[in-house]
Amino acid sequence: MKITSAGIEFLEFNEFKNFAVDYDLLGSVSLSEPVVDKNGNILIKEKVAIKENILKKLEGLEGNYIPSFKLAMSKDLMKMLRQVLSKAILSRIDDRSNEFIFHLYEQNAERMASLKGIIQNSFYSKSLALSFFRILLSHKEFFNHLADFGLLSLGSVIQKQYGFKMVNRYSFLAGLCADIAVSKEGLYRQSFFGSSLTTAVSLSIEIARKLNLPEEVISAIGSHGSSNFDIPGVNPANVNVEDLRKHQLNQDLLSGSGMDDDASDDEEEAGEYADHTAEVTLDALKIARYIMENLKTSTDKEHVSEKLLVMFTYNAEKGLFRKDLADPMIDRFKEFDHAIKRIRIIAEIENKCKFQTSAWAYPKPKSSQILCKDRNYECPWIVNGWDLRIISPQDPFGYIGTALEVGTYPKCALEEELHAKIKYSDS
């Protein structure tokens, strides 16, 4: 099978037959060019619906004609591609080994009724449908990665109703395409933040433009690395854009396969650039990136959702993510209410620091003490004579602020409030 600018081409009869039968396309698709014998005589005309009798005719004449079957991009073929892609993506939710995504969607059934429609309608153009169908067929594991990223981004906005047009679709597409340039040698399995992320998305943006994605989506992909998080102890991927550009899949995507005559048959037109939609799409993608990168590095698979939720909640309370997106998402994980409530209290008390970021609850996430990590002895909240000595670097528990280095630190009076609120929350 070959994905061409006009549609899909088969060079073997059995492959063509299986495709038409397996995807229930008999009677609804036609060939864009005739099937001819070796003397140039037409055996099957173009634009004639492929039915069972035609397949039997071709099967009986096999060896007497040139095996080239080109399917024109019809509404029926587009519908099939949308259904196949949607089914492959939705299967990622049902995969119980994909624990975080499973929990994210399982706990919110009232919003999931429209999920299938959102995903199917996201493949609104020939370029998108053909490009991702190619990735599904030839790079299944990479397709799963892109699907997970899209589901994480969509999962952060689908938890509530927004009055912004296209916000669900654009959030999904931003996640789906943010890593589209990094399939080479499994590069997508490595960590992306800082300069490595900036470099990688520069090519993803080029591909997104070739796919004619909306500017709100392209803008989110280009800007989502600005959240400035890192993962302690993890080295980001070493990215060379020119090497990525030479990779065959990227060559195919950048060549514009499927771009010709790429009119959408979608009834819902995107319209002019919408600032509110763009802002939510960007923040959804920031959340998805943070979760995706931490999922990659988690070694504790048994407790990955609880650990990630604690990290995510802490950073949302500290202002790294928009709380109107983060909080409904966090609320899906009812089984971790106690841990989430505790880390919110810790972040709330740390935020009262007179020096912004100096108050440091220790040890996280089950903190019992608060110290001044910047040693601001002039602060009126310093408790003199009760300095705390840290004898080994604190495990930062994923990305919760920065690691606490070995040394002596003054105690902070906010600790009394921590004890009182933690005791109250545990009662």
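Helix axes here are lines fitted to C-alpha atoms over the stretch in contact, and angles between them run from 0 to 180 degrees between N-to-C directions. Helices (H or I, at least four residues) and strands (E, at least two) are DSSP runs, numbered from the N terminus. The model is predicted: local features need pLDDT of at least 70 and side-chain atom pairs count only at pLDDT 80 or more, while totals for chains, interfaces and linings use all residues. Residues are numbered from 1 along each chain as its sequence is written, and side-chain values use heavy atoms, with hydrogens and water left out.

## Helix packing

| Pair | Angle between axes | Axis separation |
|---|---|---|
| H10 (residues 195–210) and H11 (residues 215–223) | about 170 degrees | 9 Å |
| H11 and H14 | about 40 degrees | 9 Å |
| H3 (residues 75–94) and H7 (residues 126–138) | roughly 50 degrees | within 10 Å |

Angles under 35 degrees count as roughly parallel, over 145 as roughly antiparallel, 65 to 115 as roughly perpendicular and the rest as oblique. H10 and H11 are therefore roughly antiparallel. In this pair, Val201, Ser204, Ile205, Ala208 and Arg209 of H10 touch Glu215, Ile218, Ile221 and Gly222 of H11, where contact means heavy atoms within 4.5 Å. By class, the H10–H11 contact has 5 nonpolar, 2 polar and 2 charged residues. For these classes, Ala, Val, Leu, Ile, Met, Phe, Trp, Tyr, Cys and Pro count as nonpolar, Asp, Glu, Lys and Arg as charged, and the others, Gly among them, as polar.

H11 also packs on H14 at about 40 degrees, which makes H11 oblique to H14. Their crossing is right-handed; a crossing is left-handed if the near helix is turned anticlockwise from the far one by less than a right angle, and right-handed if clockwise. Glu216, Ala220, Ile221 and Ser223 of H11 meet Ala278, Thr281, Leu282, Leu285 and Lys286 of H14. That contact divides into 5 nonpolar, 2 polar and 2 charged residues.

H3 and H7 are oblique to each other too, and H3 passes H7 in a left-handed crossing. Met78, Leu81, Val84, Leu85 and Ala88 of H3 meet Lys126, Ala129, Leu130, Phe132, Phe133 and Leu136 of H7. The H3–H7 contact comprises 10 nonpolar residues, no polar ones and 1 charged.

## Pocket and cavity

On a 1 Å grid over the protein atoms alone, a cavity is a set of points where a 1.4 Å probe fits but cannot get out, and a pocket is an open set with protein on both sides within 12 Å along at least five of seven lines; lining residues have an atom within 4 Å of a point. Grid points are joined across faces, edges and corners, and a volume is the space filled by probe spheres set on the points.

The largest pocket has a volume of about 510 Å³. Of its 18 lining residues, Arg92, Asn98, Asp148, Met292 and Leu295 are the closest to the centre. Helices H4 (99–106), H8 (140–155) and H14 (275–297) each give two or more residues to this lining, with the largest share, 5 residues, coming from H8. The pocket lining divides into 7 nonpolar, 4 polar and 7 charged residues.

## Backbone details

Tyrosine 362 and proline 363 are joined by a cis peptide bond, with omega about -15 degrees. Proline 363 sits in the loop between strands S6 (359–362) and S7 (369–372).
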